[in-house]
Structures are given as C-alpha cells and as structure tokens.
Amino acid sequence: MQWKRRLAIGVLSLGILVGCATTGEQMATKEKSLYYRLGGKPAITAVVDDFVARVAADRRINRFFANTDVPSFKAKLVDQICEASGGPCKYTGKDMKTTHAGMGITDADFNALVEDLVATLNKFKVPEKEQSELLAVLGPMKKDIVTR
Ligand code: HEM
C-alpha cells in the first residue's frame with residue numbers, strides 16, 4: 001500500500017512541476033496586451049484628453065468639430081481605443097463609416113489628426129513600439145473615414 005501512495009505523490013508532484021514550468025514559460029513569452037502596456041484606462045483617458053485639446057486648437061481641422069459634444073466624443077474615443085488595444089471596454093458608438101460619412105475628410109485632414117495624436121503620445125513618452133501598434137490598429141479605419 002505504501003508504495004502506491006509514494007507513486008501517487010510522485011506523479012502528483014511531477015504534474016505540479018510540469019504545470020509550473022509551462023506557466024512560467026507562457027508568462028515569459030506571452031506579451032501583455034497593448035492596452036496594458038499603454039497603462040490601461042487612466043493612461044488612455046489622459047491621452048484622449050490631451051489629443052482632443054490639440055485637435056480643438058488645430059486650425060487645419062478644428063472646423064469639423066464645431067458642433068461636437070466634446071465629453072461624449074472623448075468617452076467614445078476612450079472606449080474605442082481601450083477595446084481596440086485589447087482592453088476590457090466595449091465601444092458603443094457608431095461605426096466609422098456612418099460617423100464620418102458626408103464630412104468630406106481628406107488625406108491631409110486625416111494626417112493632421114494623426115500628427116496631433118503622435119504629438120500627444122510623444123508628450124506622454126509612449127515608446128515607439130506601442131505608438132506603432134496603436135497606429136496600426138487605427139490605420140485600417142482610414143478607408144472608412146477619408147472620403148475625398
Ligand atoms: C483613425 C482616425 C479616427 C478615429 C479612430 C475616429 C474616431 C471617432 C469616433 C469614435 C467618433 C464618435 C462616434 C460616435 O459619436 O458614435 C468620431 C466622431 C467624429 N470624428 Fe472621427 N475619428 C478619426 C478620424 C477623424 C478625422 C480625420 C476627422 C476630421 C478631421 C474626424 C472627425 C470627426 C467628427 C467631426 C466626429 C463627429 C463628432 C460629433 O458627433 O459631432 N475624425 N470619430
């Protein structure tokens with residue numbers, strides 16, 4: 001009977017050991033989400049605040065936002081960036097095509113907005129890698145936003 005118990009304990013210990021090794025390896029190789037690396041919702045909210053202030057002061061594009069409800073716009077932008085970067089939020093605004101339809105946004109307008117965003121990301125010292133990843137998430141939306 002004793003040997004059976006020893007065997008059971010041995011097998012159990014081995015299982016735990018292998019389990020820990022796998023978890024350790026996964027932790028070492030699996031990168032944290034962009035959301036996490038950006039600093040979560042507080043950091044994204046700070047970025048959106050600064051970014052929207054830049055857009056509002058940017059004479060190249062601020063005319064588009066003349067009638068915008070800024071707090072609501074900011075909240076939607078935070079949720080959108082949070083969700084798109086792998087965070088726990090749910091974006092509940094309109095899709096990008098419907099939202100920007102009829103605004104006549106050009107390539108130059110789009111680039112001006114991205115420039116304002118990059119200025120904000122630099123101000124907050126967001127590393128190059130995370131900046132690129134965020135822009136890579138937003139970039140594909142361009143085809144639904146630029147209509148002219
Ligand atoms: C990747 C780039 C962009 C993203 C991710 C983005 C995202 C958004 C989001 C989430 C909303 C809110 C939608 C809603 O209310 O349901 C919105 C609205 C809007 N966006 Fe964009 N946008 C982008 C580019 C642009 C550009 C380039 C312009 C103009 C220069 C622009 C002008 C506007 C305006 C005027 C509104 C409407 C605000 C209102 O309801 O009054 N967007 N955008």
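This tour moves through the structure stop by stop, saying what to select and what is there.

**Before you start**

The model is predicted: local features need pLDDT of at least 70, side-chain atom pairs count only at pLDDT 80 or more, and totals for chains, interfaces and linings use all residues. Residues are numbered from 1 along each chain as its sequence is written, and side-chain values use heavy atoms, with hydrogens and water left out.

**Stop 1: the whole chain**

Colour by secondary structure. The protein has eight helices and zero strands. Along the sequence the pattern reads α-α-α-α-α-α-α-α. Helices (H or I, at least four residues) and strands (E, at least two) are DSSP runs, numbered from the N terminus.

Now switch to a surface view. Of the 148 residues, 29% count as buried. Buried means under 20% relative accessible area, exposed over 50%, and partly exposed in between (1.4 Å probe, protein chains only).

Contacts come next. Contact means heavy atoms within 4.5 Å. Among contacts between residues at least 6 apart in sequence, 74% join residues at least 24 apart.

**Stop 2: α3 against α4**

Select residues 40–57 for α3 and 70–84 for α4. Their axes come within 9 Å and cross at roughly 135°. Axes are lines fitted to C-alpha atoms, for helices over the stretch in contact, and angles run from 0 to 180 degrees between N-to-C directions. The two helices are therefore oblique to each other. Angles under 35 degrees count as roughly parallel, over 145 as roughly antiparallel, 65 to 115 as roughly perpendicular and the rest as oblique.

The crossing of α3 and α4 is right-handed. A crossing is left-handed if the near helix is turned anticlockwise from the far one by less than a right angle, and right-handed if clockwise.

Show side chains. From α3, the contact uses Lys-41, Ile-44, Thr-45, Val-48, Asp-49, Phe-51 and Val-52. From α4 come Val-70, Phe-73, Lys-74, Leu-77, Val-78, Asp-79, Ile-81 and Cys-82. The residues of this contact divide into ten nonpolar, one polar and four charged. Here Ala, Val, Leu, Ile, Met, Phe, Trp, Tyr, Cys and Pro count as nonpolar, Asp, Glu, Lys and Arg as charged, and the others, Gly among them, as polar.

**Stop 3: Cys-89**

Follow the chain out of α4. Cys-89 lies in the loop between α4 and α5 (96–100). Cys-89 is buried, at 12% relative accessible area. Leaving aside neighbours within four places in sequence, Cys-89 is in contact with Lys-41, Asp-79, Cys-82 and Glu-83. Draw a C-alpha to C-alpha line from Cys-89 to Lys-41: they are 8.9 Å apart in space and 48 residues apart in sequence.

**Stop 4: α3 against α6**

Val-47, Asp-50, Phe-51, Arg-54 and Val-55 in α3 meet Leu-113, Asp-116, Leu-117, Ala-119, Thr-120, Leu-121 and Lys-123 in α6. The residues of the contact divide into seven nonpolar, one polar and four charged.

**Stop 5: on either side of α6**

Select Thr-106, in the loop between α5 and α6. Thr-106 is buried, with a relative accessible area of 18%. Beyond its neighbours within four places in sequence, Thr-106 is in contact with Val-146 and Arg-148.

Now go to the loop between α6 and α7, where Lys-125 is found. Lys-125 is exposed, at 70% relative accessible area. Its phi is near 55°, a positive value in a residue other than glycine.

Pro-127 lies in the loop between α6 and α7. Pro-127 is partly exposed, at 44%.

**Stop 6: α7**

Select residues 128–138, helix α7, and pick Glu-130. Is Glu-130 buried or exposed? Glu-130 is buried, with a relative accessible area of 7%. The Glu-130 side chain makes a polar contact with the side chain of Arg-37 (2.8 Å). A polar contact is a pair of N or O atoms within 3.5 Å; within protein, one must be able to donate a hydrogen and the other to accept it, and residues adjacent in sequence count only if both atoms are side-chain atoms. Setting aside neighbours within four places in sequence, Glu-130 is in contact with Leu-34, Arg-37 and Leu-38.

End at Leu-134, also in α7. Leu-134 is buried, at 4%. Apart from neighbours within four places in sequence, Leu-134 is in contact with Leu-34, Ile-81 and Leu-121.
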